[in-house]
Amino acid sequence: MSKVKNEEEKIKDRMTQKIGVLNRRETEARILVPFIESLSKTFGKAEVTEILSKTIKDLSRKQGKDLALEYGDDVDAFLETLEFWKKDGALEIEVLEKSKTKLNFNVTRCKYAELYKSMEIQELGAIFSCNRDFSMVEGFNEKAKLKREQTILGGSSCCTFRYDFGAE
């Protein structure tokens, strides 16, 4: 990566930290939804959704790698990076277990889900946000694994995040 691109990435990261991830996701959704709808009419919803999902996963994996380079790749570092997603009360989290290799928590309120529901784009919202979680931790720490059985956006009362940082 060139030094110029590295500086550009740092500027984008600082912007996201300043405006918050929730505001960033809303801006992205308001721009992308009409674009995705237009593309779907031409190329088919399934094809466009598949490309969108893969692209977001790839971006998320890279973001996880970048965060690990800056903060480290252990449980404590990962928990620290969650502050970006919690900014402005975007997520309310109840930590259930934290150890050297485990981080288990429930998201009890998700303004991301509330945003996507208010825009009536739950399916796309799941791709824009929920879709990122597995790839993010994969990029953050290759040994880490996430199990999630339910999400608020999927209709549950909470999102279950069960991370194992010692997984083989």
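## Helix α3

The expected span of a helix is 1.5 Å times one less than its number of residues. In this predicted model, helix α3 covers residues 45-71, a run of 27 residues. From first C-alpha to last it reaches 38 Å, close to the 39 Å expected. After the helix comes Gly72, with a positive phi near 100°.

Which residues of α3 are buried? They are Val48, Thr49, Leu52, Ser53, Ile56, Ser60, Gly64, Leu67 and Ala68. An α-helix has 3.6 residues a turn, so residues three or four places apart point the same way.

## The α3 and α6 contact

Two packed helices are described by the angle between their axes and the distance between the axes. For α3 and α6 the angle is about 30°, and the axes lie 8 Å apart. Angles under 35 degrees count as roughly parallel, so α3 and α6 are roughly parallel to each other.

Which residues make this contact? From α3 come Lys45, Thr49, Leu52, Ser53 and Ile56. From α6 come Glu123, Leu124, Ile127 and Phe128. Among the α3 residues, Thr49, Leu52, Ser53 and Ile56 are buried.

## The sheet

Four strands form an open sheet in the order β1-β2-β4-β3, with antiparallel pairing.

Strands β1 (residues 91-98) and β2 (residues 102-110) pair over 7 bridges in the antiparallel sense. A hairpin of 3 residues joins β1 to β2. Glu94 has Asn106 of β2 as its bridge partner. Leu91 is bridged to Cys110, also in β2. In a regular strand the side chains alternate between the two faces of the sheet.

## Helices on the strands

Helix α4 packs on the sheet. It touches β1, β2 and β4 (159-164). The direction of α4 makes about 170° with that of β1. Angles over 145 degrees count as roughly antiparallel.

Helix α5 (residues 111-118) lies across β1 and β2. It runs at about 40° to β2.

## Aromatic pairs

A pair of aromatic rings is described by the distance of the centres and the angle of the planes. The structure holds 11 aromatic pairs. One of them joins Phe84 and Trp85, with ring centres 6.3 Å apart and planes at 65°, so this pair is edge-to-face. Phe84 counts as buried because its relative accessibility is 19%, and the cut-off is under 20%. Trp85 counts as buried at 14%.

Tyr163 and Phe165 form a tilted pair, 6.2 Å from centre to centre and with 45° between the planes. Tyr163 is buried at a relative accessible area of 3%. Phe165 is buried at 8%. Which residues form one aromatic cluster? The members are Phe78, Phe105, Phe140, Phe161, Tyr163 and Phe165.

Definitions and conventions
Residues numbered from 1 in each chain as written. Predicted model: local features only at pLDDT ≥ 70, side-chain atom pairs only at ≥ 80, totals over all residues. Heavy atoms only, no water. Helix = DSSP H or I, 4+ residues; strand = E, 2+ residues; numbered from the N terminus. Buried < 20%, exposed > 50% of the residue type's maximum accessible area, 1.4 Å probe, protein only. Phe/Tyr/Trp six-rings, centres within 6.5 Å; stacked < 30°, edge-to-face > 60°. Pairing = 2+ DSSP bridges. Contact = heavy atoms within 4.5 Å. Axes fitted to C-alpha atoms, helices over the stretch in contact; angles between N-to-C directions. Parallel < 35°, antiparallel > 145°, perpendicular 65-115°, else oblique.
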